[in-house]
Amino acid sequence: MNQSAKGYSPLQLVLIGGAIATTTTVSVFGSGWTRCVLAAFEDSPKALVDQVWQLVNREYVDGSFNQQDWLATRQSLLSKEYSSHEQAYVAIREALQQLGDPYTRFMDPQQYQSLARQTSGEVSGIGIRMEVNQQTRRLTVVEAIANSPAFKAGIKAGDEILAIDGQTTDKIGVEKASELIRGQVGAPITLRLGRIGRGAFDLQLRRATIEVPTVHYTLQQEGNRRIGYIRLREFGGHTSDQMRRAIRDLNSQNADAFVLDLRGNPGGLLNSSIEIARMWLDNGGIVRTVNRAGGSELTHANRTALTRRPLAILVDGNSASASEILTGALKDNNRAVVIGSQTFGKAMVQSVHELVDGSGLAVTIAHYYTPKGTDINKKGIVPDIKINLTAAQQRQLASNPDLFGTRNDPQYAGAIAALSGENFAQPPAPQTNQPVGSSMRN
């Protein structure tokens, strides 16, 4: 991800939700095109403009370009003179608006780097989660991630962060504090902390590469059953490894059934959703993609499921894209009972490219369908058991996140009730000699 801002990087990324992830290091352009454009424009705004046009022309899922004359658009873009990259950015965004696709979009260098960091599954920092405490209005540690510099230094949940490298945190939020904490791996950072019973003190740490936890799980006793509750927040670069560890750990604790919570999960890495589906599903299709030329590819499970225990999935209107791929795969194969409210309905796949000046472009390249061929775009997945939260229930959960995955969470309570029945969430019988399809190439 740490590409130079100068020169074209062949790094290609795929976006299927609110996140991106590396899928290949092969450029979509031939070396001849790259040499030609760079020689002609030498990092000029026109090189950027033409690179964007070429990417859309080659990859965009709609070959009619929303009934627009895309060749005329190129001629118009290259006929203009741009005194700065910012002027080119404006022209690019105006051209992309013609496609009528909110997911095909341009990102300036800062936006692209932010998105790349988010979905790599790693950050450079000290390994803490923070919030502004609603009662004290002070920046407070929620968690020190295991084995991180913060954890090893003894930072505890509840510690107040009073200053970062001498800058007071009185009037800054979590986002600004995160920017101050991030930095070069190995670089020192000094926090001034406040702790009950100790008062204020300074602590010096060194930044490190932190694997962002996207999977959180617990074993919960519900009556006479042990429930493995797993909350999956997004599909990042390390999510599949974290999910594998979670399932195996809960298996070792003799979980009788599982609840997989995908509520609020905006999506992420395509391959991650496929890998995770295979952890729950031995046989059957996972997702079908169709490209601009009508080429169709169905990805299958490959007999690598880690558990056959009953499974319930929790979803809501913010469960999107990769979350819907996973949900659709398990629902269509009768592997899980789906509970909650209707999902978001995003069934488009994007590739994301770094451009000549370090900016980025997301291009919709395919449409996906559930294994049974259902098109969920702008429709979403309808749960097997619909439980819509009232406004009051939503406020209660939002104000007290610790209630998620408890009996005070109506959708979780519905999952427990469903798992107690004989007719829900029973995995299909194993099949022998099942042909296995090839995995999706991205």
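User: In strand β18, which residue is the bridge partner of V315?

Analyst: In this predicted model, strand β17 covers residues 311-315, and four bridges join β17 to strand β18, residues 337-340, with the two running parallel. Within β18, the bridge partner of V315 is G340.

User: Which residue of β17 is the bridge partner of L260?

Analyst: Strand β14, made of residues 257-261, pairs with β17 in the parallel sense, and four bridges hold this pairing. In β17, the residue that partners L260 is I313.

User: Which residues of β17 point the other way from L311, I313 and V315?

Analyst: In a regular strand, side chains alternate between the two faces of the sheet. In β17, L311, I313 and V315 point one way, and these residues are buried. Strand β17 is mostly covered, with five of its five residues buried. The residues that point the other way, likewise buried, are A312 and L314.

User: With which residues is L326 in contact, leaving aside its neighbours within four places in sequence?

Analyst: L326 is one of the residues that touch the most other members of the largest nonpolar core. Once its neighbours within four places in sequence are set aside, L326 is in contact with L232, F235, L260, L262, S273, I276 and A277.

User: How many residues are in the other core, the one that includes L55, Y60, A88 and V356?

Analyst: This core lies apart from the largest one, which has 38 residues. With L55, Y60, A88 and V356 among its members, the other core has a residue count of 25.

User: Is the aromatic pair of W53 and W70 stacked or edge-to-face?

Analyst: The structure holds six aromatic pairs, and in the one formed by W53 and W70 the centres are 6.4 Å apart, with 10° between the planes. W53 lies in helix α2 and W70 in helix α3, so the pair ties together parts that are 17 residues apart in sequence. Both W53 and W70 are buried, and together with Y60 and F65 they form one aromatic cluster. Planes under 30 degrees apart count as stacked, and the pair of W53 and W70 is therefore stacked.

User: Why is the pair of Y229 and Y412 edge-to-face?

Analyst: Y229, in strand β13, and Y412, in helix α12 (residues 410-419), are 183 residues apart, and their pair links distant parts of the chain. Y229 counts as buried at 6% relative accessibility, and Y412 is buried at 0%. The ring centres lie 5.6 Å apart, and the pair is edge-to-face because the planes stand at 85°.

User: Is D69 buried or exposed?

Analyst: D69 sits in the loop between α2 (45-59) and α3 (70-79), and its side chain reaches the backbone nitrogen of A72 at 3.0 Å. The C-alpha atoms of D69 and Q98, which are 29 residues apart along the chain, are separated by 9.7 Å. Since D69 has a relative accessible area of 51% and the cut-off for exposed is over 50%, D69 is exposed.

Key:
Residues are numbered from 1 along each chain as its sequence is written. This is a predicted model: local features need pLDDT of at least 70, side-chain atom pairs count only at pLDDT 80 or more; totals for chains, interfaces and linings use all residues. Side-chain values use heavy atoms; hydrogens and water are left out. Buried means under 20% relative accessible area, exposed over 50%, partly exposed in between (1.4 Å probe, protein chains only). Two strands pair if DSSP finds at least two bridges between them. A polar contact is a pair of N or O atoms within 3.5 Å; within protein, one must be able to donate a hydrogen and the other to accept it, and residues adjacent in sequence count only if both atoms are side-chain atoms. A nonpolar core is a set of buried Ala, Val, Leu, Ile, Met, Phe, Trp, Tyr and Cys residues joined through side-chain atoms within 4.5 Å. Contact means heavy atoms within 4.5 Å. Rings of Phe, Tyr and Trp (its six-membered ring) pair if their centres lie within 6.5 Å; planes under 30 degrees apart count as stacked, over 60 as edge-to-face and the rest as tilted.
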